[in-house]
There are 2 protein chains.
Amino acid sequence: VTIPLNGRVESGRRRTSGAPGPERHGLTADVAGAPGTARIAVDLLGGDQAPAVVVDGALRACLADPSLHLLLVGPAEAAETISDALADPSRVSVLPIDGGTETARAAVRAVAHHRADAVVSAGDTGTLVLAAAPALGRRPGVRRPPLAAVLPSAAGPIVLLDVGSSVDPDAQTLAMHALLGAAYASVVHGIEAPRVGLLTIGTERGKGDRLRRAAPELFERLAPVAGARYVGLVEGNDVVTGGVADVVVTDGFTGNVLLKGLETAYALVGAPGPATPGPRAAALLGIGGTVVVCHGSARGVDIAAGIALAASLHRRGAVPVIDQLIQGTEKPRVQEVVHEQ
Amino acid sequence: VTIPLNGRVESGRRRTSGAPGPERHGLTADVAGAPGTARIAVDLLGGDQAPAVVVDGALRACLADPSLHLLLVGPAEAAETISDALADPSRVSVLPIDGGTETARAAVRAVAHHRADAVVSAGDTGTLVLAAAPALGRRPGVRRPPLAAVLPSAAGPIVLLDVGSSVDPDAQTLAMHALLGAAYASVVHGIEAPRVGLLTIGTERGKGDRLRRAAPELFERLAPVAGARYVGLVEGNDVVTGGVADVVVTDGFTGNVLLKGLETAYALVGAPGPATPGPRAAALLGIGGTVVVCHGSARGVDIAAGIALAASLHRRGAVPVIDQLIQGTEKPRVQEVVHEQ
């Protein structure tokens, strides 16, 4: 069995390869239109400058990807601005909601009810995580679904998690995040045996806080389950230079602070390495659906990149593939990798 | 009473102004040579590439600052390399020690015994902190002396602390660090009423982990003691863009990760703002002496910058001025600020 790790999946290809497509999980049960269509529920009221930047981002995303269908969740007027601007207004549908944080919850429910394949929101992360976990289902062993971001480094992209969902986690939670992050790196970067590092503040044994001293033993035991390799302790500089780990695991507090610091630095003075910066959006892992979270200060291009990430994750069957990887029932075999975003 | 916040203190000026000079604290009891002389104890064996880079750094520092006197702590051969290269070999003296981590402790003792005005080491931070606190004396209320680093931002320099000394601190410790950081910003950046921010992961009320939810009340109550102003919660991006806070307070784990990430990013792709990056060295606060810690991977220029920082802190009487500021017995009045480094 070969899991397709390539980007956009062609019609029939996933079935031919025998890999589990998202349709088996009921997420694309009623896809309308051409094969490869991705139906993304977009939270029109999420973010500091919603709905203006979300409208802008949704339009950009539609222009860039002809196979995209958007379920716009929020005020009808904002949704109409989008459909009015599209050559084919049938590419968007509307779930009219006026109330503040209700849009994120409704967008999640749309995925749970198979009306959309994925959800994108720049709203409050906590609200989204609290809505998504029960509605889409937490995977066994996942207490708090982690948010995984991709950062550029001088040696290539790095998956950093958790970047804001879990504060005060325990060692078991960190180890579960290590598994999920490794599986995510396999899917999005086509890495066969991802190197997993634990972020700390000094690589000598005994360094770090209580949490970091307790975690390595669990990491060593669990990482091989997902075909990953625990490479030990890494430091803040390793997230910038890269080359040591493909996946860097930390608690949601430290990860969020580091992500926001580095993202802002890269936006201001340029990113390291040849790669362009990632989509400035993070994927929620360990749940039964595709959820992408954009920063509250996201601009239109960031929202568009978040929508593109959600569509890409859906098309490559990220959720079911990650499910298999963390259960150890499948090892990734890389066929072809398309670097999107 | 006016505390001199200007850079190098001229002979007699400190006395004339009535401010407490370091001589009152017994740290410069036996200064040899011209006024303004700074006697820095240098740990020759601290750092990943010691003693080679320390020898290089010590030489660079001596060439840049004619009023510098170095007490070289470590192998006699390494010390001789330095004295041989100097036009005036009497500018260095040697405390010969061959053993590994003993050099840091001996350098600290040299300050405690008034044989040097300050100590610079690129050795293990934990060892240095554990040696310095009892030997030089912790200030009342200081449990774990914090390390304060200065980072460039688009809007000017920011004092970030703690960057690696205190892991798993409580809210009282963070609040004490806020006071110390504010006093440090007054001394090194000549800021009259430093704005103090608490680093967290979302500025809405109730965001962050247990520690961050408990700290703001204490910050509000304590910051005014040092003439500082608590400006509330800040995020990782604020450390890069600046303009929100002059002092950013966090635990030693998060601070270390963020510092190493940003320092490496700035070294790789350039620093934000017009300012040149800081000395990549951190000052240990809340103790009765001047201690500067360089990164273990410090190069010669970094060691030289650390020595220059130590000399500058000594010359502007940082320790006694900070003591007064955190006790609320003196408010800073800025006369003239010399930006060194």
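Biologist: What share of the contacts in chain A with a separation of 6 or more comes from residues 24 or more positions apart?

Modeller: A contact means heavy atoms within 4.5 Å. In chain A, residues 24 or more positions apart account for 73% of the contacts with a separation of 6 or more. This is a predicted model, in which local features need pLDDT of at least 70 and side-chain atom pairs count only at pLDDT 80 or more, while totals for chains, interfaces and linings use all residues. Residues are numbered from 1 along each chain as its sequence is written, chains are lettered from A in the order in which they are written, and side-chain values use heavy atoms, with hydrogens and water left out.

Biologist: How many residues does each chain bring to the contact, and what area is buried between chain B and chain A?

Modeller: The size of an interface is often given as the accessible area lost when the parts come together. Buried area is counted with a 1.4 Å probe and summed over both parts. Here 39 residues of chain A meet 38 residues of chain B, and the buried area is about 2,900 Å², 70% of it from carbon and sulfur atoms. On the side of chain B, Ile201(B), Phe253(B) and Val257(B) lose the most area to chain A, together 23% of what that side buries.

Biologist: How are the two copies related?

Modeller: Two copies of a chain are related by a rotation about an axis and a shift along it. Superposition is by least squares on the C-alpha atoms of residues with pLDDT of at least 70 in both copies. Chain B can be laid on chain A by a turn of 180° and a shift of 0.0 Å along the axis, with an RMSD of 0.0 Å. The copies are thus related as by a two-fold rotation axis.

Biologist: How many salt bridges cross the interface of chain B and chain A?

Modeller: A salt bridge requires a side-chain nitrogen of Lys or Arg within 4 Å of a carboxyl oxygen of Asp or Glu. The rule finds 4 across this interface; Asp168(B) and Arg210(A) meet in a salt bridge at 3.8 Å, N to O.

Biologist: Are Asp65(B) and Arg315(B), which meet in a salt bridge, buried or exposed?

Modeller: Buried means under 20% relative accessible area, exposed over 50%, and partly exposed in between (1.4 Å probe, protein chains only). Both Asp65(B) and Arg315(B) are buried. Their N and O atoms come to 2.8 Å, and the two residues are 250 residues apart.

How values were computed: Buried area is the accessible area (1.4 Å probe) that two parts lose on being put together, summed over both. Helices (H or I, at least four residues) and strands (E, at least two) are DSSP runs, numbered from the N terminus.
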